[in-house]
Amino acid sequence: MPLQSGHVGLSDKALLKLDFELPIKRKALLSDNSGWKSYDISIQAEVSSSSFTFDLSVGVDYSSTCPCSASLARQLLQEKFSADFTTRETVSVSEVEGW
């Protein structure tokens, strides 16, 4: 008797779930250098007598190395600081730290 015939009728579903990191070598934006970046991957598949589902998710971290992004962030901080303290001639160090 084959092994699988002894399991007939025990279940009508199957589930497979895989979670892992996928390392991918990526080229730098402005140089000829490259480096490894890992992405979180999750795969889940489920089958039953009446349905099949498959889910795939990939985690992608965002970070900007664009010099323009830093410049824009500084500009926004400067505008917010000016708006918050526009009526003041001087501001103390502790107020700036708290801000």
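Mentor: Helices (H or I, at least four residues) and strands (E, at least two) are DSSP runs, numbered from the N terminus. Val58, for instance, sits in strand β3.

Trainee: What should I know about the model and the numbering?
Mentor: The model is predicted, so local features need pLDDT of at least 70 and side-chain atom pairs count only at pLDDT 80 or more, while totals for chains, interfaces and linings use all residues. Residues are numbered from 1 along each chain as its sequence is written, and side-chain values use heavy atoms, with hydrogens and water left out.

Trainee: Back to Val58. What is its relative accessible area?
Mentor: Val58 has 46%, so it is partly exposed. The scale: buried is under 20% relative accessible area, exposed over 50%, partly exposed in between (1.4 Å probe, protein chains only).

Trainee: Which residues make the nonpolar surface patch?
Mentor: Val47, Phe52, Phe54, Leu56, Val58 and Val60, over about 610 Å². Patch members have over 30% relative accessible area and no salt bridge; nonpolar side chains (Val, Leu, Ile, Met, Phe, Trp, Tyr) are joined within 5 Å, like charges within 9 Å. Areas are Shrake-Rupley with a 1.4 Å probe, and for residues only the protein chains shown count as cover. Strand β3 (residues 52-59) gives the most, with four residues.

Trainee: How do β2 and β3 pair?
Mentor: Antiparallel, over eight bridges, with β2 spanning residues 34-48. Pairing takes at least two DSSP bridges between two strands. The two form a hairpin with three residues between them. Asp40 has Gly59 in β3 as its bridge partner.

Trainee: Switching to salt bridges. How many?
Mentor: Four. The rule is a side-chain nitrogen of Lys or Arg within 4 Å of a carboxyl oxygen of Asp or Glu.

Trainee: How far apart are the closest N and O atoms of Asp61 and Lys37?
Mentor: 3.5 Å, in a salt bridge. Asp61 is in the loop between β3 and α1 (67-84) and Lys37 in strand β2, so the pair ties together parts 24 residues apart in sequence. Asp61 is exposed at 60%, and Lys37 partly exposed at 29%.

Trainee: And where do Lys80 and Asp84 lie?
Mentor: Both in helix α1, four residues apart, about one turn of the helix.

Trainee: What about Arg88?
Mentor: Arg88 forms a salt bridge with Glu95, closest N and O atoms 2.8 Å apart. Arg88 is partly exposed at 37%, as is Glu95 at 29%.
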